[in-house]
Every structure is written in C-alpha cells, then in structure tokens.
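Hello,

Here is the structure I promised to pass on. My notes follow below it.

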Amino acid sequence: MSRHLRLIYGLVAVFALVSGGFGYAVAQGSEDGDDAEGTADGEIDAQRRSNLGPEEQREEATKIQQRGGDLSRRVASMLDEARQEGDIIRVTCVNDKLTQVNANLRTLEQRVSQFDDAVESRDNGRRNHEFTVIIVLGQKFIVLDREAAQCIGQDIFDTGATTVTTEIDPDNPSEDPTIIIPAGSPVIPFVPPPAS
C-alpha cells in the first residue's frame, strides 16, 4: 500500500474515532446506574461507559495507561531492532509511531490527572468529559499499535537486496557516444542556374 493511501486511511480512521468520541460525549448525559459488563482485554462496552461510576472509570483509565506504556516500550524495542538492522525505512516509520505514542501517553497522563481532580471535586460533567477523552486516547493507541506493526512489513523495499543485470543487444553500434567527431567543412551541392 502506498504511503499516500495509508495516510488517507489513517485520516479516515482518526476522523471516525473523533466522530465516535463526539457521539459518545453526547451519550454522557444518561446516568441510569446499570451495571457495566466487561469484554475482552478489560474494554467496557461503549454504550455502558457513561453509566460507570468514578471507581470503574478510574480502573478503565488505569488499564488504558498500562496499555499505552506497554505499547511505548514495544515500539521502542522495534525501533532499536530496526536501527541495529540499519533499515532506514523502518527506523523512520517506527520512530514516527513512537513519537505519536509518547505524545498521546503524555496527554493521557494529563487527562487522568484532570479526571482525578474532577472526581475529588465531585464534578460529574467534567469527570465524564475527561473519561471520554481518555477512551478516545485508548482507541488511538489501538490504531498506533496497528500502524507500528505495519512498519515492520516495509523492509521488503530494502534497496540493498536489489540486483540489476544489464544485457546489451549485440546489434547495437559499438561507437562510443561520448566521443564527438568533428564535422568537416560542409559540402555545398552545385545547383546549375535555371535555363532561360
């Protein structure tokens, strides 16, 4: 897949995540008190996240922080491996993903701190907003994990493994095109005058 096409797919995925985050923020208004059911990897169904209490939201935020930290360490390891192999394409790609993961991880830490402040001040609206942002950042980690894994497949484009074989057609002229033969004096053909 070309880099341009991956960029377009990435932008579409980010737009979908952001759109989903705004839709999720609108759903934050309902506080029914239903019990939340967990799914694989500690993820909680998006429709029920708005019904979580502060403790459950904090547990989910902690899981997202742990996944982000694990992802950062894994991508850093991938970067070290690519550097040792001298694969500049993978180094560039993985380094970009690591930069994005670490930036999102710093943002997540700030949001978790603001979430804790909202819980302490009993501001449910702010708490739910911060939790929504934390969930969106968790989804971004999933996207970055996939993109970092795609970086590994780029080593097939290593130009060092390419061999070029040139075959010269035996019917080609053997003159050297870099040698310029000086032109002699031009031959002017004799044209007889017209008969009158």
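**Gln-66 and the helices around it**

Gln-66 sits in helix H2. Helices here are DSSP runs of H or I with at least four residues, strands are runs of E with at least two, and both are numbered from the N terminus. Gln-66 is partly exposed, because its relative accessibility is 47%. The cut-offs are under 20% relative accessible area for buried, over 50% for exposed and partly exposed in between, with a 1.4 Å probe and protein chains only.

Two notes on the source. This is a predicted model, in which local features need pLDDT of at least 70 and side-chain atom pairs count only at pLDDT 80 or more, while totals for chains, interfaces and linings use all residues. Residues are numbered from 1 along each chain as its sequence is written, and side-chain values use heavy atoms, with hydrogens and water left out.

**Overall**

The chain has four helices and zero strands. From the N terminus the order is α-α-α-α. Of the 196 residues, 28% are buried. Take the contacts (heavy atoms within 4.5 Å) between residues at least 6 apart in sequence: 61% of them join residues at least 24 apart.

**Helix packing**

H2 and H3 pack at about 160 degrees, and their axes are 9 Å apart. Axes are lines fitted to C-alpha atoms, for helices over the stretch in contact, and angles run from 0 to 180 degrees between N-to-C directions. H2 and H3 are therefore roughly antiparallel. Angles over 145 degrees count as roughly antiparallel, under 35 as roughly parallel, 65 to 115 as roughly perpendicular and the rest as oblique. The H2 and H3 crossing is left-handed; that is, the near helix is turned anticlockwise from the far one by less than a right angle. The residues of this contact of H2 with H3 are 18 nonpolar, seven polar and eight charged. Nonpolar covers Ala, Val, Leu, Ile, Met, Phe, Trp, Tyr, Cys and Pro; charged covers Asp, Glu, Lys and Arg; the others, Gly among them, are polar.

H3 and H4 pack at about 165 degrees, with axes 9 Å apart. H3 and H4 are therefore roughly antiparallel. Their crossing is left-handed. The contact of H3 with H4 has 18 nonpolar, five polar and nine charged residues.

What about H2 (residues 54-85) and H4 (residues 124-152)? Their axes come within 10 Å and cross at roughly 25 degrees. H2 and H4 are therefore roughly parallel. H2 passes H4 in a left-handed crossing. H2 contributes residues including Ile-64, Gly-68 and Leu-71, and H4 residues including Ile-135, Gly-138 and Phe-141. The contact of H2 with H4 divides into 14 nonpolar, four polar and four charged residues.

**Two more residues**

Asp-96 belongs to helix H3 (residues 88-120). Asp-96 is partly exposed, because its relative accessible area is 37%. Its side chain makes a polar contact with the side chain of Gln-100 at 3.0 Å. Such a contact is a pair of N or O atoms within 3.5 Å; within protein, one must be able to donate a hydrogen and the other to accept it, and residues adjacent in sequence count only if both atoms are side-chain atoms. The C-alpha atoms of Asp-96 and Ala-148 are separated by 8.8 Å, though the two are 52 residues apart along the chain.

Arg-122 is in the loop between H3 and H4. Its phi is near 60 degrees, a positive value in a residue other than glycine. Arg-122 counts as exposed, because its relative accessibility is 74%.

Best wishes
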